Amino acid sequence: MGQPNPIPNIAEQKPVEKRNGEGPKSKKKRSAALNRSRDPFHPVKVTVAIAVSVLFILPIIWMIFVSLKPDGYSTTNPIEWFLPPFTFSNYTNIISDTLILRWTFNSFIVALITTILTLIVTSLASFAISQMKFRFKRTIFIFFLVGLMIPGEATIIPLYETAKSLNLIDSYAGLILPMIASPLGVIILKSFFDGIPKELFESAKMDGCSNIKLFYKIALPLAKPALAAIAIFTFIGSWNNFLWPYLSILSEELYTLPVGLPVFNSSYSQAYVLPMTANAIASIPVIIVFLIFQKQIIKGISFTGLKG
């Protein structure tokens, strides 16, 4: 009888893909190389992309270097902004001597609450217009469409008079409540709810679901992409809003960043260092939020471009 075959050592065995040099990573590299070889303009596209990226990021780099210069530093040569000396004392002085952290907190709270309330109001209104039957439904939707054609500046005077009569001037409520009405959000969500198959709602109604259950158990989970897009644009719009906070806020403690920064910079018309330091501090939260939610922001922008 022949000798039995020895038991192979599992540790010495290698996957077939690796022995043949065709692992998953090598396949991806080969496919990427093939795509580059098929596109004769690939080097040109990469060069243009790098040039545009540098063009966009250069002002941010310049702002950071200027903010690290000593207070009162001035030069006629732009290259000297990128050379020593550097100091972090400007940041500590701005944080301790100004209300920039309070303004940042105000902007964040106002933008966050405005976004939450806008999502609640727009989702309820759009679901009612899309799925419920009542009189003058089409007329109400036309009013939302007309609201998109009226610029916000045209309604600023009656809005101010209404807020003043309700004692909302110089308060957080005065900053938040006028901003939660979003005709664009209602139109986007209404179009999304119209695209949900009616059989889904009809079968749920046959099982005894009320309109409230249809709303938060079926419609809202399916509308997450649309809600994310509306949330992104509402937050950004509230964060960057200048006109209404400038008119409705009187006390410096309630300023938001778009109002507080110009007031602070107006005191340094001939200086660069401290205004750049204040702008650098104010831009840190925005950069952090973008780095964390960049995928959601890109998806939200692409969603609004795919479906109206």
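**Figure 1. Contact between helices H5 and H14 in the predicted model.** In this predicted model, Ile-100, Trp-103, Thr-104 and Ser-107 of helix H5 meet Leu-257, Pro-258, Gly-260, Leu-261 and Phe-264 of helix H14. Sorted by class, this contact of H5 with H14 holds six nonpolar and three polar residues, and no charged ones. Helix H5 spans residues 100-131 and helix H14 spans residues 257-265, and their axes, which come within 8 Å, cross at roughly 155°. The two helices H5 and H14 are therefore roughly antiparallel to each other, since an angle over 145 degrees is counted in that way.

**Figure 2. Contact between helices H11 and H12.** Here Leu-220, Pro-221 and Leu-222, which belong to H11, meet Lys-224, Pro-225 and Leu-227, which belong to H12. By class, the contact of H11 with H12 has five nonpolar residues and one charged residue, with no polar residues. Helix H11 covers residues 211-222 and helix H12 covers residues 224-240, and the two pack at an angle of about 70° with their axes 5 Å apart. H11 and H12 are therefore roughly perpendicular to each other, because angles from 65 to 115 degrees are placed in that group.

**Figure 3. The loop between helices H3 and H4, with Ser-74 and Pro-85.** Ser-74 has its place in the loop that lies between helix H3 (42-67) and helix H4 (89-97), and with a relative accessibility of 62% Ser-74 counts as exposed. Although Ser-74 and Ala-271 are 197 residues apart in sequence, their C-alpha atoms are 7.7 Å apart in space. Pro-85 is likewise found in the loop between H3 and H4, and the peptide bond that leads from Pro-84 to Pro-85 is cis, with omega near 15°.

**Figure 4. Asn-167 and Asp-170 in the loop between helices H7 and H8.** Asn-167 is found in the loop between helix H7 (156-165) and H8, where its phi is near 60°, a positive value in a residue other than glycine. At 68% relative accessibility, Asn-167 counts as exposed. Asp-170 also has its place in the loop between H7 and H8, and its phi is positive, at about 60°, although Asp-170 is not a glycine. With a relative accessible area of 28%, Asp-170 is partly exposed.

**Figure 5. Spans annotated as transmembrane region in UniProt.** The unreviewed UniProt entry places the feature "transmembrane region" at residues 46-68, 108-129, 141-160, 172-193, 214-236 and 272-293. In the model, the chain over residues 141-160 is 70% helix and 0% strand, and the C-alpha atoms at its ends are 25 Å apart. Residues 272-293 are 95% helix and 0% strand, and the end C-alpha atoms of this span lie 31 Å apart.

**Figure 6. Confidence of the prediction along the protein chain.** The protein chain has a mean pLDDT of 82, and 84% of its residues reach 70 or more. Among the elements of the chain, helix H8 (residues 172-176) has the highest mean pLDDT, at 94, while helix H1 (residues 16-19) has the lowest, at 47. Over residues 10-19 the pLDDT is below 50, and this stretch has six contacts in the model beyond near neighbours in sequence. Where pLDDT is low, the predicted coordinates should not be read in detail.

Key: Residues numbered from 1 in each chain as written. Predicted model: local features only at pLDDT ≥ 70, side-chain atom pairs only at ≥ 80, totals over all residues. Heavy atoms only, no water. UniProt positions renumbered as here; feature names shortened; annotations may be inferred. Helix = DSSP H or I, 4+ residues; strand = E, 2+ residues; numbered from the N terminus. Axes fitted to C-alpha atoms, helices over the stretch in contact; angles between N-to-C directions. Parallel < 35°, antiparallel > 145°, perpendicular 65-115°, else oblique. Contact = heavy atoms within 4.5 Å. Nonpolar A, V, L, I, M, F, W, Y, C, P; charged D, E, K, R; others polar. pLDDT = per-residue confidence, 0-100. Buried < 20%, exposed > 50% of the residue type's maximum accessible area, 1.4 Å probe, protein only.
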